[in-house]
Amino acid sequence: MTAFNPQLDQQGRLKHFLSTEGLNRQILSTILDYAESFAGVGDRAVKKVPLLRGKTVVNLFFEPSTRTRTTFELAAKRLSADVLNINIAASAANKGETLQDTLHTLEAMHCDMFVVRHGNSGAAHFIASQVAENIHVINAGDGSHAHPTQAMLDMFTIRRHKPDFAPLRVAIVGDIAHSRVARSEIHALNVLGVSDIRVIAPKTLLPKNIENLGVRVFHDLAEGLQDVDVITMLRLQRERIKNAVLPSEHEYFSCFGLTEKRLGVAKPDVIVMHPGPINRGIEIDSQVADGERSVILQQVSHGIAIRMAVMAMVMGSAPSEKPGEKAGGG
Amino acid sequence: MRIKINNGHVICPATRVDGRGDVYIADGKIISVIDPMEGFTAELELTLNGQYVCPGIVDLSVHLREPGFEHKATIASESEAAARSGVTSLVCPPDTWPVIDTPAVVELIHQRQYRVDKTRIYPLGALTKGLAGEQLTEMAALKQAGCIGFSNACRPIVNTEALRRALEYAAGFAVPVFISPEDSYLKNNGVMHEGQISARLGLPGIPETAETTAISRALLLIEQTGVTAHFCRLSSARGVAMIKEAKQQGLPVTADVGICHLYLTEIDVDGFNSQCHLLPPLRTDRDKHALLDGLRSGAIDAVCSDHQPHDEDAKAAPFGATEPGASTLEVLAPLMFNLADTHGFSLERILRALTCQPAAIAGLDAGALEPGAKADLFIFDTNRQWTVKADELTSAGKNTPFDNWEMNGKTSHTILNGKVVYEDP
Amino acid sequence: MKSDLDRYLEDHDRHDPLFVGIHTGGVWIAQRLHRMYGSDSPLGKLNIAFYRDDFSRVGLHPRVTPSNLPFDIADRHVILIDDVLYTGRTVRAAMNELFDYGRLASICLAVLVDRSGRELPVQADVVGKSLNLDANEHIKLTGPEPLALEMTTTE
């Protein structure tokens with residue numbers, strides 16, 4: 001890791017949110033604390049706070065995603081920001097304009113924040129390196145690299161059920177190799193002090209040297225789930241079978257699919273998470289997905305609070321004329 | 001022009017010269033090295049203070065980008081950069097557009113070269129038409145036009161039968177085939193070394209086996225076809241070991257490494273540094289040391305710049321969407337001389353890998369300072385310190401991974417064919 | 001302060017009010033008053049961090065305890081309580097936030113200290129003590145036990 005962290009400003013405040021890697025425990029905990037405050041906003045008569053009034057948030061999506069875009073949009077609107085949704089599918093028609101051209105066009109429209117989803121790992125870092133000083137970038141998923149807000153809403157969900165991170169055993173099951181959620185979760189869990197992080201997958205779905213990220217590797221589900229407090233199931237993409245990474249969905253489910261029976265070896269109060277959308281009967285059985293151990297729907301609603309927290313934090317790091325002045329006091 | 005270089009430290013591995021003295025040049029040829037010549041009248045005298053006088057560098061891979069990619073660089077711009085570095089002969093791969101698969105393209109390159117006249121350019125002909133890996137090119141005509149060898153550049157021939165036929169046919173022309181060992185299936189969509197950094201960055205990895213299985217396949221076909229083969233840009237420890245073993249078995253193979261791979265590793269890619277997006281990829285520290293050891297032991301014969309100038313847009317994108325390659329001509333000499341200080345290499349070994357050995361691989365009459373030889377040489381001054389500034393590179397490609405690196409030494413003069421083509425102010 | 005508040009509520013005919021304190025000092029005062037009145041409704045706590053007008057300059061406060069108004073506010077009389085009334089900006093923010101919870105019947109502002117330096121047209125209905133202070137003099141409530149007022153002067 002280079003000493004320079006593009007996510008932080010000179011005062012060490014969160015300026016862009018690109019990855020859970022390289023951020024300290026205090027910043028991650030603050031995100032969770034803010035999210036706790038924002039969680040109540042949705043229950044009020046007026047589901048808005050005026051923090052980002054007059055600011056423009058651009059959802060810049062180079063990859064289609066209804067769920068993530070919707071929660072970011074709702075989060076921005078609950079902060080009173082104006083939201084612009086731009087979907088740039090990777091179609092041939094758009095090839096002429098470079099990513100830089102697109103960014104500069106949007107900058108000229110005086111936007112304040114880009115929420116970026118892109119198919120290439122490192123896209124959010126690249127965009128953060130290109131935008132003007134006063135623009136903030138939030139990574140809404142880049143390639144197989146990072147999906148930090150998803151990881152933080154998972155941390156939020158874990159903390160609501162199990163307030164002390166240190167003694168937890170957490171298992172992440174499935175396509176780790178192609179999962180930006182898994183990478184961001186692993187970093188966040190490590191930073192928050194979780195002592196036992198496990199990844200469970202067939203060898204073809206595990207990146208080489210994954211153990212260097214501070215995880216224990218299991219190829220057997222029953223072994224890996226032994227006494228765990230938290231399970232994250234990852235979505236299995238169909239092309240893994242087409243590309244000869246796996247033989248069939250059936251065999252995958254029979255080896256790595258989460259069923260009530262398999263849940264038996266975990267702690268009795270285990271929680272089951274899934275970043276969605278769920279493939280029922282492929283990575284998870286409906287009985288588990290809809291069962292009492294599942295917190296999958298809570299994750300979705302926590303997603304809004306987390307995204308509000310992150311947006312408010314990065315926007316709050318705007319260059320201040322008189323730092324520390326207490327204009328709101330009295 | 002008659003030139004006398006006074007009081008240099010002449011190092012020429014080909015002729016085993018290593019000592020202080022003068023060099024005499026006339027009519028484009030070297031007249032005398034160290035042996036004093038009474039009555040020599042020089043039109044130009046360069047008086048040195050023990051700076052190194054070396055045979056001109058023979059660079060086995062410089063992408064000139066012309067014809068076809070003039071928005072990246074041109075023969076004129078890159079010849080200028082070559083002269084500044086002390087490269088007096090360079091081999092350009094055939095992946096221009098059009099591809100060097102007809103004599104017309106070779107002629108075009110030569111015409112441009114004569115007009116610029118700052119370095120000698122030796123094209124490699126395409127092994128297959130359009131580098132498509134299917135039909136053979138007219139190798140006889142290409143050789144006749146001036147191609148010094150054949151290659152499929154960085155476009156591996158997937159079909160093993162086609163590779164066998166290409167090697168077999170090329171074997172009849174007594175020129176080497178340059179092979180960039182890469183198994184395209186194993187490389188797949190990879191953009192960096194498959195290892196701990198790719199695992200973290202979520203970038204698709206290129207396993208070491210993408211190189212080693214390709215070397216292994218090629219070695220067996222080389223044995224079968226009897227072709228003289230040169231392996232371009234080794235990147236892995238295993239690859240070096242395989243070449244070493246093949247040499248011990250007496251196979252007619254040689255190998256080179258790009259300068260970046262002797263200095264950088266996968267760790268330099270961290271932070272999605274697209275300037276370190278190279279092909280073959282930068283691998284581990286262990287691999288880097290194995291490449292250095294291979295150079296020391298002779299398993300690796302030559303070091304080239306693997307110069308790949310790019311326009312700004314080529315590197316300004318998310319990592320996986322950027323083009324691989326680095327602009328390296330201007331750092332080749334200083335980084336090589338630096339190996340003496342940092343890794344205890346002898347200057348003789350360093351210059352061998354830059355001059356006579358690559359000349360022998362490419363079958364060039366170059367790389368030696370001896371009476372009667374072409375007067376291609378450069379003077380290197382280890383006292384001239386400078387800092388690499390991407391924007392100030394002479395090459396049209398500003399894509400350097402070495403931006404802001406301190407360099408201990410610089411080429412002060414380059415003489416091509418008895419004429420000074422570059423002089424550091 | 002209690003007696004002033006009693007009189008005020010009587011004069012204005014406001015019965016069964018809700019007590020809402022502004023974080024942090026206002027909550028401490030509100031807790032005392034709430035206890036004295038023995039109100040049946042729970043105490044409301046307001047954190048105005050998301051309504052501050054200096055967000056774009058100083059960002060979020062490092063710790064934000066969530067607002068907690070565990071009752072329906074619509075058509076109710078609210079006693080809004082803070083420790084020190086100074087510029088008036090906090091009260092402006094607090095009123096904005098209150099209205100986002102519903103249309104209330106009325107707000108009565110009760111403060112422990114009313115000091116000089118108002119920047120907005122805001123005045124308290126019930127005041128514990130009025131102080132005339134210079135801009136470089138600051139007053140702060142420390143607590144929760146014991147509650148004490150602390151004066152500092154900056155250059």
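Of the two pairs of chains in contact, which chains share the most contacts? In this predicted model, local features require pLDDT of at least 70 and side-chain atom pairs count only at pLDDT 80 or more, whereas totals for chains, interfaces and linings use all residues. Residues are numbered from 1 along each chain as its sequence is written, and chains are lettered from A and ligands numbered from 1 in the order in which they are written. With contact defined as C-beta atoms, placed from the backbone, lying within 7 Å, the most contacts are shared by chains A and C. Chains B and C are joined by no contact, and their closest C-alpha atoms are 28 Å apart.

The contact between chains A and B draws 24 residues from chain A and 20 residues from chain B. On the side of chain A that touches chain B, two or more residues come from each of α3 (99–108), α4 (123–130) and α6 (180–191) of chain A; helices here are DSSP runs (H or I, at least four residues), numbered from the N terminus. The most is given by α4(A), with three residues. By class, this side of chain A comprises eight nonpolar, 13 polar and three charged residues (Ala, Val, Leu, Ile, Met, Phe, Trp, Tyr, Cys and Pro count as nonpolar, Asp, Glu, Lys and Arg as charged, and the others, Gly among them, as polar).

Within chain A, the axes of α5 (residues 148–161) and α12 (residues 296–315) come within 8 Å and cross at roughly 115°; axes are lines fitted to C-alpha atoms over the stretch in contact, with angles from 0 to 180 degrees between N-to-C directions. Residues in this contact include Met152(A) and Phe156(A) of α5(A) and Ile306(A) and Val310(A) of α12(A). The contact residues divide into five nonpolar, six polar and two charged.
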